[in-house]
There are 2 protein chains.
Amino acid sequence: MKFGKVDRNISKRLKEIVGNENVRMEEDYLEKYSKDETSGVITKKPDVVVFPTSVEQVSEIVKLANEYLVPITPRGAGTGLSGGAIPIHGGIVLSLEKMNRIVEFDPTNMTVTVEPGVITDEIQKLAEEHNLYYAGDPASSESSSIGGNIAENAGGTRVIKYGPTSHHVLGMELVTPTGEIVRYGGKMVKNVMGYDMIRLIVGSEGTLGIVTKIILRLIPKPKYFATLLIPFEKLEDSIKSVPEVIPTLGVLPSSIELMDKESVEMSKNFLNENIPNMDAEAHLIIELDSPDKESLVKEYMKLGDELMKMGAIEVYVADNRYQRSRIWKFRKAIAEGIIAFRPVHCMEDVSVPISGMPDVVKASYGIARKRDLEVLVFGHVGDGNMHVTFLKPVDMENRVWKEKLEEALKDLYELTSKLGGSITGEHGVGLKRRKYLGIFLSDHEIEFMRKIKKALDPKGILNPGKIF
Amino acid sequence: MKFGKVDRNISKRLKEIVGNENVRMEEDYLEKYSKDETSGVITKKPDVVVFPTSVEQVSEIVKLANEYLVPITPRGAGTGLSGGAIPIHGGIVLSLEKMNRIVEFDPTNMTVTVEPGVITDEIQKLAEEHNLYYAGDPASSESSSIGGNIAENAGGTRVIKYGPTSHHVLGMELVTPTGEIVRYGGKMVKNVMGYDMIRLIVGSEGTLGIVTKIILRLIPKPKYFATLLIPFEKLEDSIKSVPEVIPTLGVLPSSIELMDKESVEMSKNFLNENIPNMDAEAHLIIELDSPDKESLVKEYMKLGDELMKMGAIEVYVADNRYQRSRIWKFRKAIAEGIIAFRPVHCMEDVSVPISGMPDVVKASYGIARKRDLEVLVFGHVGDGNMHVTFLKPVDMENRVWKEKLEEALKDLYELTSKLGGSITGEHGVGLKRRKYLGIFLSDHEIEFMRKIKKALDPKGILNPGKIF
């Protein structure tokens, strides 16, 4: 497909649609919107960045783009980790940052209706003020937007118990790739009226529609929480304990996270804070929630005993908001530390059945060692989704790094595929992983997906060059 | 589309694929496979019923059907309530009854891999024997197959807390409408590799693919259960208590079911059993589960107090398996009673935001009264999904019944649409509801769905005449 460029006529039409102040072509804008938070992918400046403020404006922009064959790259908060928001074919970056209103909070139906630009954390806080709970919690919740969470079907720290973003979406309004405004679902919990378009759009990485409004389901806020920090002398023991622990406990923890020693070190340096047993090979973070305090105490006492038997050095229990938030802050700072201190890196997102977790972690170190790369391993060990992150050694040449990384990724992906896993659990394929899709899916499997893209977006206007 | 018939040549080819004994054209087979459990829809005999036993056979059948333009109606256990399994264009009924093996039970990864013909109850029992839990629970669990649950995205009695069928599916193998064998997902909990084909297929009513293998997620079995039976003097009070109760409790019950007086009477007559307070206007059934016994007791004591304040006559607590199963048996027998005693009926499946529940229930009686119809109301009041069921009065002529019913349905659907609800929460559109889709979805919204059907099934071979 040969795409058109945004010329004087098109930019004039865009200004008529969204107003002069919402069409930006200045160099600093083009530069800022040429990338997201993904390291190591190529960047590309758009011709123009537009900031619509209503669904009607989004619809008109998409119709204009179809008319002139100009590609549109939809964009949330720009915190993506697969290059999904990079306008690889130039054209229009359509930023949803100004569509950031909370449209309606409905405590009776336990729903909140929001525009895509709302930051996820804001939704969590609003719900909790009313004793309700938005269970989605990507580690980037303080900076990522709900629209971006939807585009990637964000996972995060509570998927084991509460499911990924797609489980929390009851309704949405979107603009189709040809510019029509459509609405699916609503405030009702159950709906099987035709195909599940909501779940098709969630995770479609901005290639099948631009979501302009979202109805999210809230649940009663759990009354009591306990966050356990558990250092292990041996990394292997920490991972092996996970599939043992869940059935014993008889209840799903909301989170089971792993930080290896290097991850802990990274966070420590970023925050200038310590946690106990810094020299342990690994730390687990396990969070439990419960409607009953005594029941919660029983659960974590039992869990603690089990973990001690499996090689834990100690089990630290945080059951107040301050201590809990310190642990989570430490966990969430790993990625920030990597971006700040080791900008040349490659953060992976492989997802495997939990029985394969020990293999993946062990192999990651072996793969890195073989290629003289550094590596750190952290992530959602309870659901088998691990952020193996390769770092360029400071003294390694860029050219060598690229070669070695390519070999390392190939090894990692082949192992993941062999274990029946996925190349991405929550960050998306985007630009970064599309060339590896064939390791995981057959031609028929990819083609069955592509038929949908071709049918819904015949001109290939929406986020071209992503996923496939 | 003009479809072909199954002639001697095609039936010979079918016999070569699945073996003589698995190709049936006898009158009693054609009769049995001309319908499902839906009342009041037209039936139609297929040309042939085939019983494949492997995915390769399914693939060959689909390819053959594409070659000769013969429609295929996939079929599970035939318990559907929207006419989805009726071969309205004749051709082949492809029954999955003989693909009923449990392929693998994997306690470490907490998954079970099954063929579509397995009865849902069998999966529940297998899991529970190993202290695990399959959380899906359509009221028809003892007779419906997991493949049918997937085709309709079955809901049932535990959706409030655990979500519909689609939340429990981690992976699937399917035959596409053009006969290719594809596999998506696996035993991993998280996977965002391309479009969410699994969620697109779940609920697609056999129109986008034939599922031949399913990987289901299991969770730890809750240790303690309490099932509360709560008669209310006034129906209205019972419904109003629902949105009050959930936030107060601070925890999601797994079930909140409603039976009105007529539903209770129906079940009583079918089972020849009583429950307390038969003269109450309504009974609620609320089930709680918990990892801790004392915590569970506290919860139901608190809940009971609240319900008494809201007009409950009494709160009966069943906390052992025998008593609990008696209550559930009573609830599940309503539909059986209707089918047995009042075969000419129309069971609806409207789903609304819970704030609209009192309106729907109240209006249902008014609508029935205005048309001289009988009605009973029961269902999943906790998630806003109600089985309003109109009954033909015994002395009403069939012609009159059809006219009056048509008017009643129109009223019910228009109210549901006005309340922002859906025509179907769990039974599907199928044959029964397709002509009403336009009340709920715009042309653009329907067309956006249809484009997918056309792209994936260009010859319209799979289950034609359903949904649209």
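This is a predicted model: local features need pLDDT of at least 70, side-chain atom pairs count only at pLDDT 80 or more; totals for chains, interfaces and linings use all residues.
## Cysteines

Side-chain values use heavy atoms, with hydrogens and water left out, while residues are numbered from 1 along each chain as its sequence is written and chains are lettered from A in the order in which they are written.

Cys346(A) counts as buried because its relative accessibility is 4%, and Cys346(B) counts as buried at 4%. Buried means under 20% relative accessible area (1.4 Å probe, protein chains only).

## A helix crossing in chain A

Let's turn to chain A. The axes of H9(A) (residues 261–271) and H11(A) (residues 321–341) come within 7 Å and cross at roughly 80 degrees, so the two helices are roughly perpendicular (65 to 115 degrees). Axes here are lines fitted to C-alpha atoms over the stretch in contact, with angles from 0 to 180 degrees between N-to-C directions. Helices are DSSP runs (H or I) of at least four residues.

The contact residues divide into 10 nonpolar, 4 polar and 3 charged.

## Helix H12 of chain B

H12(B) spans residues 357–370, and its 14 residues reach 20 Å from first C-alpha to last, close to the 20 Å expected at 1.5 Å a residue. Its buried residues include Met357(B), Val360(B), Tyr365(B) and Ile367(B). After the helix comes Asp372(B), with a positive phi near 55 degrees.

How values were computed: The expected span of a helix is 1.5 Å times one less than its number of residues. Buried means under 20% relative accessible area, exposed over 50%, partly exposed in between (1.4 Å probe, protein chains only). Angles under 35 degrees count as roughly parallel, over 145 as roughly antiparallel, 65 to 115 as roughly perpendicular and the rest as oblique. Ala, Val, Leu, Ile, Met, Phe, Trp, Tyr, Cys and Pro count as nonpolar, Asp, Glu, Lys and Arg as charged, and the others, Gly among them, as polar.
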